[in-house]
Amino acid sequence: MIALVLAAAALVAAGHSTARAAETTVSTSSFKGTDGTTYTVTNHVVRGDWTGKKRKHEWLLVWTGDAGQSGADAARHRLAGKGAGSGDPDFLAVIDATRGSPTYGKVVNTATVGPILQNEPHHMQYTWHKGDTVFAGGLLSDITYAFDVSRLPQIKLKGITAPTDTPCGSVPDAYWTLKDGTAYGAYMGGPDVSGPCRYTDGETRIGNGSGGTPGEVLRLDANGKVLVEAPAAAKGPEHETCHSIPQLDPRTCANPHGIQVREDLNRMVTSDFAEVRNLIGTPPADPYITRDTVRIFDIAKRNSPRLLSISHLPDGPRKEPYGTYEEPRVVMETTVTNRRHNRGAFASTMGGASIYYTPDITDPKPKWREVFDDTTAFTKLAPNLVNRVGMDGGAWLQTSPDDRYLYHSVMRRGDESSGGKDTGMVYVLDIRKLVAAGKRTRCSIDTMEEVAKGGSERDCPGLVSVLPIEDPTSGGPHWASLDNFQQGRDGLYRETTQPGRLALANYFVAATPFDGDHRVCMVDISRKHKLSLDRTFRDESTRQPCVEFNRARWPHGVTGNARPHGVLFAVSDADVR
C-alpha cells in the first residue's frame, strides 16, 4: 500500500509541530507478518531533487533507534517479549552522501517503522550491492526488517521476519547477502522458550530462553521469509568454559555475532560474542559467559549449513586483572578475504582488544593466531601509554575488497581509570604479506614488546594509519562501512575494489555500560591509505563535522535524540551501472 499525503496531516495526527510540514512528503508501505501484525514503513522525504535529473546521488543508510528508553530494566523487559516498548518510532535515516552535493550530510528521509517501538536497531549487512534487499535487525524486538532500497531515497517494506518465525533463536545481529538475493543471518540469543527446540532439519538443541544460549543461523529469502533455521551449537557438549545462566547441559558457547561468507569456497564464518542478556546493566563477574570461539560452516548445500569446526582463540601475553579483558575474550567480529586465491579470515575481540587470523577456512582444523594488539595503535596515538587496553570495545572489522588492507574500529581506550574513556579510534593495517604467506604464515603476538610495537615476524600486519575519534561518553566508534562505490564521468556509480572513504557511528547499546555520543562521521581514505576526518560532511544545523543524531527535529517530527547504529552505503538501482 503506497499513499502520498502532505506531511502536515501526518504530523498533526501524530501531535507534532507542522512548522516544516510543507517541505516533507510522506508515503507508507505495509506488510502483514505471519504473526498477524501489520508492519509499516513510512517515508518522510524532504523536498528536493533526489531523482537524479540534475545530480545522481549516493546515500548513507543509518539504522537508528529512538533514545526514549535506555535502562537495563526496559531492555530485559523487551528481551523477555513483554510488550512492544514505548516512545517514538525507530527509523532508517537516509543521508545524502554525494561528494560535492550542496546537501552533503543532510538527512533527506527518515523511514519510520511501526507498530513496534524500541526495537534497538542494530546491524544490517556489511556491504550493499545493486539489487540487494537491506536486512536490518532489531536487537531487542527479535525482528528482521527487509527493506527495498531500489528507488532511494524512498524506502519500501518488502517483508518481515517476525519473532514467531524464529522460535529457536533471538537477538538478531548481522547479515550477509548472497549473489542470489538471499541472506544468512546471525541470531545471538537462545530460543524464545527455554527447553528443547527443533530446527528446520529436524535436529534439536536445548536452550535457556530468549537472549540466552544457544543462538542460531538463518537463511532468509529476499523478502525476509525464513528458509532455514539452523543450529549454531554442536550436537554434543562443547568446552567446559562455555558457561551460561542458568547453566546448560550440554554446554555450548554458540552466540553468533559476526557472520561472513565465501560462496566460492562454500564456507561461512561466525564469531561468538556472549550470552547477551547477561551483559545488560552490570554484567556478572563470571568471564566465561563471554566467548572466545569462532565457528566455520560448510554451506555447499545452501539450505543446510553444517558446522565443521569450533575454534577457541589462543590467549596472548598480556596478564589482565579481569578474565573478560584477556586477548581471546568477547569475539565480536569476523571478516573473510575476498580474492579467489586467498582463503584466510580474521576475527576481532571486544574484550581482548586483539585481532586474530587463520590462513585457510577450508582447513578442517583451522589454526588461529593473534596477529595484532590494539595497544600498538593506541601507542601511536599516545607514545607514553602504559595502561592495558583490555575491554577497549574493538568492533567493526573489514578487509578491503582487494585483500590488501584491514580496517578496524575501537570504541575507547582501557577503562575510565586510564583517563582514556573519550578516545576511540579507527585504524588500517597493511595485510599484504600476511595474506600472501598463506599457510606459511609465522606472525604471532607472543611478547609484551610485540603487544606495544607490533609483531616482529616479517609477515605481521603493519599499522598504516590510525585516526582518533573523540567521544566524551562511555562509548565511541562502534560500527562502520566501507564505501564500495565510485562515480564515473557519465554520472553513474560503479563498484570499486579500492574504497576512498568509510562511515562510522558512535553508538553501541545504551542498556550496556557502552553508549556513545550519537554522531555519524565520514572518514576519507587517501591513495596511501591514510585516514582523515571528512570535515565537509557536516551536520545541517550545527555545521560541525559529523552528523549529529542528538537533535530535536527530524523529517518525521519533533521526536528528539536518536541512536545511530548500523551504517551502509547504497545507490538507487537506476544510478548504478
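**A tour of the predicted chain**

Along the principal axes, the C-alpha trace spans about 65 × 55 × 45 Å. Of the 577 residues, 63% are buried. The accessible area comes to about 20900 Å², and carbon and sulfur atoms hold 50% of it. Colour by charge next. You get 67 positive and 68 negative side chains, with the centres of the two sets 6 Å apart. Contacts are worth a look too: among those between residues at least 6 apart in sequence, 63% join residues at least 24 apart.

Select Gln125. You land in the loop between strand S6 (107-114) and strand S7 (134-138). Is Gln125 buried or exposed? Its relative accessibility is 2%, under the 20% cut-off, so Gln125 counts as buried.

Show the side chain of Gln125 and look for its polar atoms. One lies 2.8 Å from the backbone oxygen of Thr133. The backbone nitrogen of Phe135 is 3.0 Å from a polar atom of that side chain. Leaving out residues up to four places away in sequence, Gln125 touches Asp132, Thr133, Val134, Phe135, Tyr175, Thr177 and Leu568.

Last stop: select Glu470, in strand S27 (residues 462-470). Glu470 has a relative accessible area of 58%, over the 50% cut-off, so it is exposed. Glu470 and Ser532 are 62 residues apart in sequence and 13 Å apart in space, C-alpha to C-alpha.

Key
Residues are numbered from 1 along each chain as its sequence is written. This is a predicted model: local features need pLDDT of at least 70, side-chain atom pairs count only at pLDDT 80 or more; totals for chains, interfaces and linings use all residues. Side-chain values use heavy atoms; hydrogens and water are left out. Helices (H or I, at least four residues) and strands (E, at least two) are DSSP runs, numbered from the N terminus. Buried means under 20% relative accessible area, exposed over 50%, partly exposed in between (1.4 Å probe, protein chains only). A polar contact is a pair of N or O atoms within 3.5 Å; within protein, one must be able to donate a hydrogen and the other to accept it, and residues adjacent in sequence count only if both atoms are side-chain atoms. Contact means heavy atoms within 4.5 Å. Accessible areas come from the Shrake-Rupley method with a 1.4 Å probe; for residues, only the protein chains shown count as cover. Lys and Arg count as positive and Asp and Glu as negative; His and the chain ends are not counted. The place of a charge is taken as NZ of Lys, CZ of Arg, CG of Asp or CD of Glu.
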